[in-house]
Amino acid sequence: MRNTSRKVAVVGTGFVGTSIAYSMINQGITNELVLIDVNQEKAEGEALDLLDGMSWAQENVKVWAGDYQDCADANIVVITAGVNQKPGQTRLELIDINAGIITDVVNKIMQSGFDGILVVASNPVDVLTYSAWQASGLPSNRVVGTGTTLDTTRFRKEIAAKLQIDPRSIHGYIIGEHGDSEVAVWSHTTVGGKPLLEFIVQNNRLTVDDLTELAESVKNTAYEIIDRKQATFYGIGMSVARIVKAILNNEQAVLPVSAYLNGEYGEKDLFTGVPSVVDQNGVREIIELNIDPSERKKFAISSQQLREVIESLDLSKK
């Protein structure tokens with residue numbers, strides 16, 4: 001059963017923030033939606049534009065442009081604030097500017113008296129989720145990054161296209177950094193319950209070389225999109241809407257969000273993308289997959305890269 005109150009605040013009304021708002025309204029996920037931006041007129045314009053389509057939405061949603069005080073009674077605050085990735089730029093290269101922005105934004109959110117769940121969508125999302133957690137003082141389970149939810153949908157899409165099968169029948173995950181060191185978990189990828197690796201053994205529909213090409217395609221998708229249209233926003237908009245829906249409806253859904261590791265997969269004191277049970281309290285638990293040695297090594301490398309960035313920002317616990 002849904003909560004009576006389903007109030008969500010979105011901080012940042014750029015392409016990503018407005019795509020999230022649009023996705024949530026179309027899916028009837030929230031009944032109160034407040035848009036917050038340093039550019040108040042932009043937020044007001046987006047709210048008015050969204051309201052124009054309310055007659056065709058699944059349900060009536062109260063939408064307005066507000067300020068940080070409106071976060072006080074929100075169930076969830078989604079953070080999209082920060083500078084966008086430019087053509088040829090990696091997500092980790094955004095950190096110097098965006099870490100300061102996130103800390104400032106979270107401080108303002110918490111000053112309102114907010115006591116809900118933070119969902120971080122700004123890049124580099126794993127490091128910025130750590131930053132948001134440190135700035136908020138909230139329990140780690142109540143700070144959730146988008147992690148590899150988008151990478152995972154891209155992963156399933158690429159496999160589906162190769163095998164000509166509905167992507168909703170593909171189950172598998174990208175884990176680790178939402179970025180260049182992400183790891184494709186082939187050892188736990190299935191098609192209709194059948195392990196994907198069996199397709200290599202039993203027929204010619206898939207080869208070992210195909211796996212490498214598919215993983216590279218998933219990793220480079222963002223660069224391809226940014227080169228062509230300067231930004232990615234529809235896919236992440238729908239991915240964030242999925243996370244918010246799981247929280248508000250207490251779904252206990254398994255999603256590859258950026259969650260705090262405290263020994264899982266042999267890693268500690270960082271947020272990174274791993275399959276996690278998401279419910280009304282954020283991350284209830286992490287699903288620790290028994291990944292193969294090659295995948296574990298890649299995951300360790302990915303984790304170490306994130307840890308080095310965290311340490312360079314002097315964010316890690318002393």
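**Entry 1. Ground rules.**
I am working with a predicted model, in which local features need pLDDT of at least 70, side-chain atom pairs count only at pLDDT 80 or more, and totals for chains, interfaces and linings use all residues. Residues are numbered from 1 along each chain as its sequence is written, and side-chain values use heavy atoms, with hydrogens and water left out.

**Entry 2. Helix H1.**
I took helices and strands as DSSP runs numbered from the N terminus (helices are H or I with at least four residues, strands are E with at least two). I looked up H1, which covers residues 15–26. The expected span of a helix is 1.5 Å times one less than its number of residues. For the 12 residues of H1 this gives 16 Å, and the end C-alpha atoms are 16 Å apart, which agrees.

I then asked how many residues of H1 are buried. I counted a residue as buried under 20% relative accessible area, exposed over 50%, and partly exposed in between (1.4 Å probe, protein chains only). Nine of the 12 residues in H1 are buried, so described as mostly covered. Among them are Val16, Ile20, Met24 and Ile25. I noted that an α-helix has 3.6 residues a turn, so residues three or four places apart point the same way.

For the cover, I used contact, meaning heavy atoms within 4.5 Å. The cover over the buried residues of H1 includes strand S1 (7–11), strand S2 (32–36), helix H2 (40–51) and helix H8 (234–248). Just after H1, I found Gly28 with a positive phi of about 65°.

**Entry 3. The cores.**
I used the term nonpolar core for a set of buried Ala, Val, Leu, Ile, Met, Phe, Trp, Tyr and Cys residues joined through side-chain atoms within 4.5 Å. The largest such core has 85 residues, and Leu33, Val77 and Ile109 touch the most other members. Helix H8 gives the most to this core, with eight residues. A second, separate core has 15 residues, including Leu163, Ala184, Val191 and Leu211.

I also listed what Ile109 touches beyond four places in sequence: Val11, Tyr68, Cys71, Val77, Ile79, Phe114 and Leu118.

**Entry 4. Ser122.**
I found Ser122 in the loop between strand S5 (117–120) and helix H4 (125–136). Is Ser122 buried or exposed? Its relative accessibility is 4%, so Ser122 counts as buried. I checked for a polar contact (a pair of N or O atoms within 3.5 Å; within protein, one must be able to donate a hydrogen and the other to accept it, and residues adjacent in sequence count only if both atoms are side-chain atoms). The side chain of Ser122 reaches the backbone oxygen of Ala81 at 2.6 Å. Leaving aside neighbours within four places in sequence, Ser122 is in contact with Ile79, Thr80, Ala81, Ile102 and Leu128.

I repeated the length check on H4: its 12 residues should span 16 Å, and its end C-alpha atoms are 16 Å apart, which agrees. In H4, 10 of the 12 residues are buried. The cover includes helix H3 (95–111), strand S12 (253–262), strand S13 (268–279) and helix H9 (293–312). Gly137 follows H4 and has a positive phi, near 75°.

Rings of Phe, Tyr and Trp (its six-membered ring) pair if their centres lie within 6.5 Å; planes under 30 degrees apart count as stacked, over 60 as edge-to-face and the rest as tilted. I get nine aromatic pairs by this rule. The rings of Tyr130 and Phe271 have centres 6.2 Å apart and planes at 90°, so this pair is edge-to-face. Tyr130 lies in H4 and Phe271 in S13, so the pair ties together parts 141 residues apart in sequence. Trp133 and Tyr260 form a tilted pair, 4.7 Å centre to centre with 45° between the planes. Trp133 is in H4 and Tyr260 in S12, so this pair ties together parts 127 residues apart in sequence. I noted that Tyr130, Trp133, Tyr260 and Phe271 form one aromatic cluster.

**Entry 5. Glu32.**
I found Glu32 in strand S2. Glu32 is partly exposed, with a relative accessible area of 22%. Setting aside neighbours within four places in sequence, I found Glu32 in contact with Arg6, Lys7, Val8, Val61, Lys62 and Trp64.
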